[in-house]
Amino acid sequence: MRNRVSIVTGTPPIVWLDGELLLTTLGNLLANAGHHTPSGTAIHLHASIPDDLTLEIRVRDEGPGLENPARVFDRLHRGQESRPGGLGLGLSIVRGLARGLGGDIEARNAPAGGAEFVLRLPVKTATEIPSPP
């Protein structure tokens, strides 16, 4: 059995940013959640623009949570409960991509359990996007 991905958005924001980097970042976050949450449980994705300047994307799983949230982005870091085969590079790459997009990411244990990653990226809204020539 696989995991369910639940996507919650309000009115979908129209933003201007590098779509390829964002897709790679989200793909790595979702893959990480899939590796660390029990089969059949949900992975939640929530996107919003809370302050008109920042796109906030939250990825939360229903796994065991994080042993040390401050270290999960360190290169070659692997939790004690990690499955065999990983190199400990995925979340380090995610942080590099987030910073390449001009933002950052934080990791924490969700209040209801599991891990939660909060990606914050600066955005230009539809009114700030230049019109094509």
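**Before starting**

The structure is a predicted model, in which local features need pLDDT of at least 70 and side-chain atom pairs count only at pLDDT 80 or more, while totals for chains, interfaces and linings use all residues. Residues are numbered from 1 along each chain as its sequence is written, and side-chain values use heavy atoms, with hydrogens and water left out.

**Stop 1: the whole chain**

Display the chain as a cartoon. It contains 2 helices and 7 strands; helices (H or I, at least four residues) and strands (E, at least two) are DSSP runs, numbered from the N terminus. Their order along the sequence is β-β-α-β-β-α-β-β-β.

Next, show the surface. The chain exposes about 8100 Å², and carbon and sulfur atoms supply 56% of this area; accessible areas come from the Shrake-Rupley method with a 1.4 Å probe, and for residues only the protein chains shown count as cover. Of the 133 residues, 32% are buried. Buried means under 20% relative accessible area, exposed means over 50%, and partly exposed lies in between (1.4 Å probe, protein chains only).

Among the contacts (heavy atoms within 4.5 Å) with a separation of 6 or more, 62% are between residues 24 or more positions apart.

**Stop 2: L91**

Select residues 90-100, which form helix α2, and find L91 within this helix. L91 has a relative accessible area of 11% and therefore counts as buried. Which residues does L91 touch, not counting those up to four places away in sequence? They are L29, N32, V72, F73 and F117. Select N28 as well: the C-alpha atoms of N28 and L91 are separated by 7.4 Å, although the two residues are 63 residues apart along the chain.

**Stop 3**

The structure holds 8 salt bridges, each being a side-chain nitrogen of Lys or Arg within 4 Å of a carboxyl oxygen of Asp or Glu. R120 is partly exposed at 30% relative accessibility, whereas E56 is buried at 10%.

**Stop 4: D104 and its partners**

Select D104, which is partly exposed with a relative accessible area of 31%. D104 forms a salt bridge with R95, with the closest N and O atoms 3.5 Å apart, and another with R99, at 3.4 Å. R95 is partly exposed at 23%, and R99 is partly exposed at 48%.
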